[in-house]
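Have the viewer open as you read.

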Amino acid sequence: MELIGVVGAGTMGVGICQIALEAGHEVVVHDVDPGALEAAQVRIRDGLERRAVRLGLDADSIDQWVEGRFQGLREADSMDAVAAEADVVIEAALEDLELKQTIFGRLDGSSGPETILATNTSALSVDAIADATTNPGRVLGLHFFNPAPVMKLVEVVTAPRTRAQLSAAATRLVTNWGKTAVQCADAPGFIVNRVNRPFTLEALRIVDADGASIEQVDRAVVDAGFPMGPFALMDLVGIDVNLAAARSLYERFGREKRFEPSPTQERLVSEERLGRKTGAGFYRYGADDRPIEPSEEFAPRTAAGSLSDEEVVDRIVLGVINEAYYALGEKVASGDDIDLALRLGAGHPRGPFERAEDIGGPQVVRERLLRLSAKLGPRFAPAPALRAEA
Ligand SMILES: NC(=O)c1ccc[n+]([C@@H]2O[C@H](COP(=O)([O-])OP(=O)(O)OC[C@H]3O[C@@H](n4cnc5c(N)ncnc54)[C@H](O)[C@@H]3O)[C@@H](O)[C@H]2O)c1
């Protein structure tokens, strides 16, 4: 069984260590911050205990199972030590290209030629990270979702120089860990972070233009079968985190208008109103983390919004479907994998192509997008692949 190395013991690194330990691997982990390593030990053990309870083990077996798995975990005091030992290294350090390049340069120099080097980056180019190595063929992206032990999806990112057998081996590995792998190209935002971008961006545009209140948008979206509305979601993940992803996509798409971040979000972040973690974002939160009410400026205006619930959901859903066609046309992933990724990674009740079929197929989608773009501008202009298919 492969020895798994993890670099970075923060939110994602801890989750990845836990998953690998659960599957019975030996895991060696390194973090520059000794405090993070100490906290990681506690969090990994807690995570294993929760898993054991969910597996329905009795009290004695729980201890035995947790101890058995936890014994597989070791700390390394350098990433060279991780690289020297591991068969597969998964990097989950901070989202910073220069830092990741430094890490991959070191991993490359300290590991054997067969070691698989994976990055958990959300938004950076895997190929740019691989530039720091002498052998970019053994570098790929393994994009886990947060919380990693719970979320089923992993985007397996094959960069232009990644060896095909490497992606196949990494796919087998995460499949053995109980994950569902989707294959994608090394394109900005991969599948979910890109195709789901209109879910929050369009919601912000609706509210910015007084089309509806944040509560109406969230309620309409939940009524349409989504697990959470876009504003509650942004508050949950952090408005700063969502904005960073939006900014990064906007830049990587050459400031393409349809990815332009919302000034409202920029302002909230500059005022450090980041969502639940600061007690206020779009909503205000009580001591138990429950939303009390919309923050004052987002309270329904005296004049009711001009959009019906149906129009709100339509704009958001058609935006997502259109982005899915862009991604398909750019060969980021197959239609089936895009559907699967949006269901598992973003909790959508139906994938975008499934939904396109539900509403009458590509021809109908294209006509509805044309009507929206005539009214609202080029962000709704049908994607090239949609024009071709329709
Ligand atoms: N949090 C998410 O929702 C999420 C989801 C998917 C992917 N990601 C990506 O995963 C990566 C990690 O994100 P996170 O949320 O776990 O961050 P985090 O801030 O919780 O943890 C990052 C850890 O990396 C450590 N670190 C920094 N420099 C290091 C170095 N040179 N060597 C070793 N360790 C180092 C830090 O001390 C910290 O403990 C990022 O690239 C992020 O974009 C995050």
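By class, the shell around the ligand splits into eleven nonpolar, nine polar and four charged residues. Keep in mind that this is a predicted model. In total, 24 residues surround the ligand, and the closest are Thr11, Met12, Asp31, Glu95 and Lys100. Which elements supply at least two residues each of that shell? They are α1 (11-22), α5 (97-110) and β6 (139-144). Of the shell, α5 has the largest share, with three residues.

Now for some polar distances to the ligand. A polar side-chain atom of Lys100 sits 2.8 Å from an ligand oxygen, while a polar backbone atom of Ala93 is 3.3 Å from an oxygen atom of the ligand. On the nitrogen side, a polar backbone atom of Val32 is 3.5 Å from a ligand nitrogen. How much of the ligand's accessible area does the protein cover? The figure is 78% of the 830 Å² that the ligand has on its own.

| Cavity | Volume | Lining by class |
|---|---|---|
| Largest cavity | about 130 Å³ | five nonpolar, two polar, five charged residues |
| Second largest cavity | about 50 Å³ | six nonpolar, two polar, two charged residues |

If you want to find the largest cavity in the viewer, select its lining: Pro198, Leu201, Glu202, Arg205, Arg258, Phe259, Gly319, Asn322, Glu323, Tyr326, Arg379 and Phe380. Both α9 (197-208) and α14 (309-329) supply at least two of the residues in that lining.

The second largest cavity is lined by Phe226, Ile316, Val317, Val320, Ile321, His348, Arg350, Gly351, Pro352 and Arg355. Here α14 turns up again, supplying at least two lining residues, as does α16 (352-358). Which helix gives the most to this lining? That's α14, with four residues.

Last stop, the hairpin. Strand β9 (residues 283-285) and strand β10 (residues 291-294) run antiparallel and are joined by three bridges. Arg284 has Glu293 in β10 as its bridge partner. Five residues lie between the two strands of this hairpin, and Asp289 takes a positive phi near 70°.

Note on methods
Residues are numbered from 1 along each chain as its sequence is written. This is a predicted model: local features need pLDDT of at least 70, side-chain atom pairs count only at pLDDT 80 or more; totals for chains, interfaces and linings use all residues. Side-chain values use heavy atoms; hydrogens and water are left out. On a 1 Å grid over the protein atoms alone, a cavity is a set of points where a 1.4 Å probe fits but cannot get out, and a pocket is an open set with protein on both sides within 12 Å along at least five of seven lines; lining residues have an atom within 4 Å of a point. Grid points are joined across faces, edges and corners, and a volume is the space filled by probe spheres set on the points. Ala, Val, Leu, Ile, Met, Phe, Trp, Tyr, Cys and Pro count as nonpolar, Asp, Glu, Lys and Arg as charged, and the others, Gly among them, as polar. Two strands pair if DSSP finds at least two bridges between them. A residue is near a molecule or strand if one of its heavy atoms lies within 4 Å of it. A polar contact is a pair of N or O atoms within 3.5 Å; within protein, one must be able to donate a hydrogen and the other to accept it, and residues adjacent in sequence count only if both atoms are side-chain atoms. Accessible areas come from the Shrake-Rupley method with a 1.4 Å probe; for residues, only the protein chains shown count as cover.
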